[in-house]
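Subject: Structure handover

Hello,

Here is the structure I said I would pass on. My notes on it follow below.

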Amino acid sequence: MFHFDVSMKSTLKRTWAEIDLSALSYNYKKIREHIGQNVAFCGVVKADAYGHGAVMVSKRLQDMGAEYLAVSSIDEAMELRFNGITMPILILGHTPREQVDRLITLNITQAVTCEAKAIEYSEEAVRFGGTLKVHIKVDTGMSRLGYICEGDYFEHGVDGICEACDLPGLSAEGIFTHFAVADEEGDECRRYTDHQFKLFCDVVSAVEKKRGIDFKIKHCANTGATYSLPQTYLDMVRPGLLLYGYGEYAQKMGLRPVMTMKTTVSTIKIYPAGTKISYGGLYTTKDKTRIGVIPYGYADGFLRCLSNKYEVATSDGPARVCGRICMDMCMIDLTDKPDVGVGDEIEIFGPHNPIEKMADIAQTIPYEIVCAVSKRVHRIYIEDGDVVHSELMLRL
Ligand SMILES: *Cc1c(COP(=O)(O)O)cnc(C)c1O
């Protein structure tokens with residue numbers, strides 16, 4: 001990654017994501033107040049911190065005293081270790097056995113999701129002559145990773161977890177599960193989450209009783225549970241989306257969206273009525289139309305399903321996207337906005353154009369939109385209104 005000088009910003013400005021570190025700090029503090037003194041905070045920074053830049057976000061969380069970070073793979077964990085992050089990091093996904101020595105060397109905590117993985121990790125740790133810190137993952141109803149402990153599997157699951165904890169070369173610091181519907185409304189979802197939580201607690205008690213050793217860190221609360229289910233906090237919460245300030249729970253808590261996606265108008269042309277705009281000719285001008293081209297396309301993360309459906313924010317109000325979104329650009333209608341000119345800033349999403357609305361129109365979730373922001377989009381970090389850092393993730 002090439003860190004260019006901030007003074008070069010204006011010459012490189014095409015389409016950029018402003019990452020507001022003040023908003024991130026604010027959200028972190030608010031969530032900490034919400035969870036109380038005795039609960040640890042694990043910041044979920046997988047997928048490049050949901051597109052916000054994992055190094056910068058993690059540095060901030062480390063400086064502010066967060067206890068843990070969670071990523072999805074060893075590559076993501078190494079990126080943090082190689083960039084000054086010394087705090088505990090948990091890998092939620094699988095790591096190939098060949099890399100266990102690296103996990104140990106870099107002091108990275110690994111999730112253990114089944115018997116076979118536990119044995120692999122143990123063998124490699126013993127071979128390397130070290131101890132791998134692990135958190136046991138329990139599958140309580142997400143049906144993804146983790147020891148199955150539902151119904152008839154209970155005893156078998158508990159035995160398997162006990163065996164894993166006692167394997168040589170592994171040190172079981174924590175145990176966790178993941179909720180499937182904690183961020184959805186309705187009694188049925190609530191019952192499902194309650195059931196997941198109860199099963200998790202039952203498994204933990206059974207394992208602790210059998211071994212006579214308590215886990216140091218028990219955790220399960222994602223964004224939905226962190227907002228609405230304090231009884232599930234246990235030792236640590238694990239919010240992702242909430243921290244970045246998106247979604248209904250962030251709105252209810254008065255949190256601030258951390259990312260604002262911006263671009264500028266590249267060119268403006270006036271077309272007569274009856275002109276077809278963009279690929280496929282899906283849009284035809286009804287009257288004389290002033291069309292602006294903006295350098296924001298699906299290769300930047302603009303979901304193509306928003307073609308003809310989305311409005312961007314200009315200094316003079318919303319402007320609709322006309323026709324298909326292309327790879328590198330799209331067209332917007334500026335007919336009734338004579339004051340918007342070439343070079344003017346456009347907000348794709350942000351405080352004037354909520355990402356939640358964009359997600360609704362695209363029939364998706366804010367997660368997918370921030371994760372789709374591509375590497376050619378500059379990340380410009382802002383603190384109290386000033387640019388403090390910028391990154392462009394190209395091989396320059
Ligand atoms: C992604 C993830 C989280 C965070 O989820 P949010 O909905 O963003 O809060 C927590 N735990 C696990 C295991 C995850 O994979």
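Please keep in mind throughout that the model is predicted. Ile19 has a relative accessible area of 0%, so it counts as buried. Leaving aside residues up to four places away in sequence, Ile19 touches His52, Val258, Met259, Arg379, Ile380, Tyr381 and Ile382. Gly51 is 32 residues from Ile19 along the chain, and the C-alpha atoms of the two are separated by 9.8 Å.

Next, helix α7. The buried residues in α7 are Ala118, Tyr121, Ser122, Glu124 and Ala125. These buried residues pack against helices α6 (100-105) and α8 (154-166), and against strands β5 (109-112), β6 (132-139), β7 (147-148) and β8 (170-177). After α7 comes Gly129, which has a positive phi, near 80°.

Now the charged pairs. Side chains of opposite charge can pair when their charged atoms come close. The count for this model comes to 20 salt bridges. I describe some of them here.

One of the salt bridges is between Arg14 and Asp300, where the closest N and O atoms are 2.8 Å apart. Arg14 sits in the loop between α1 (9-12) and β1, and Asp300 in the loop between β15 (289-294) and β16 (311-314), so this pair ties together parts that are 286 residues apart in sequence. Arg14 is partly exposed, with a relative accessible area of 24%, whereas Asp300 is buried at 0%. Arg14 and Asp300 also belong to a network of salt bridges that includes Asp328 and Arg376.

Another salt bridge joins Asp166 and Arg211, with the closest N and O atoms 3.0 Å apart. This pair links distant parts of the chain, since Asp166 is in helix α8 and Arg211 is in helix α9 (residues 187-211), 45 residues apart. Asp166 counts as exposed, at 52% relative accessibility.

Glu173 and Lys216 form a salt bridge as well, the closest N and O atoms being 3.7 Å apart. Glu173 belongs to strand β8 and Lys216 to the loop between α9 and β9 (217-221), so parts that are 43 residues apart in sequence are tied together by the pair. Glu173 is buried, with a relative accessible area of 11%; Lys216 is exposed, at 61%.

Last, the aromatic rings. A search of the whole structure finds six aromatic pairs. Tyr50 and Tyr367 form one that is tilted, at 6.0 Å centre to centre with 35° between the planes. Tyr50 is in helix α3 (residues 46-50) and Tyr367 in helix α14 (residues 366-372), so the pair ties together parts that are 317 residues apart in sequence. Tyr50 is buried at 6% relative accessible area, while Tyr367 is partly exposed at 25%. Phe302 and Tyr310 form an edge-to-face pair, 5.8 Å centre to centre and with 75° between the planes; both residues are buried. Ring pairs also link Tyr50, Tyr244 and Tyr367 into a cluster. Separately, Arg256 lies over the face of Tyr26, 5.5 Å from the ring centre.

Regards

Note on methods. Residues numbered from 1 in each chain as written. Predicted model: local features only at pLDDT ≥ 70, side-chain atom pairs only at ≥ 80, totals over all residues. Heavy atoms only, no water. Buried < 20%, exposed > 50% of the residue type's maximum accessible area, 1.4 Å probe, protein only. Contact = heavy atoms within 4.5 Å. Helix = DSSP H or I, 4+ residues; strand = E, 2+ residues; numbered from the N terminus. Salt bridge = Lys/Arg side-chain N within 4 Å of Asp/Glu carboxyl O. Phe/Tyr/Trp six-rings, centres within 6.5 Å; stacked < 30°, edge-to-face > 60°. Lys NZ or Arg CZ within 6 Å of the ring centre and 35° of its normal.
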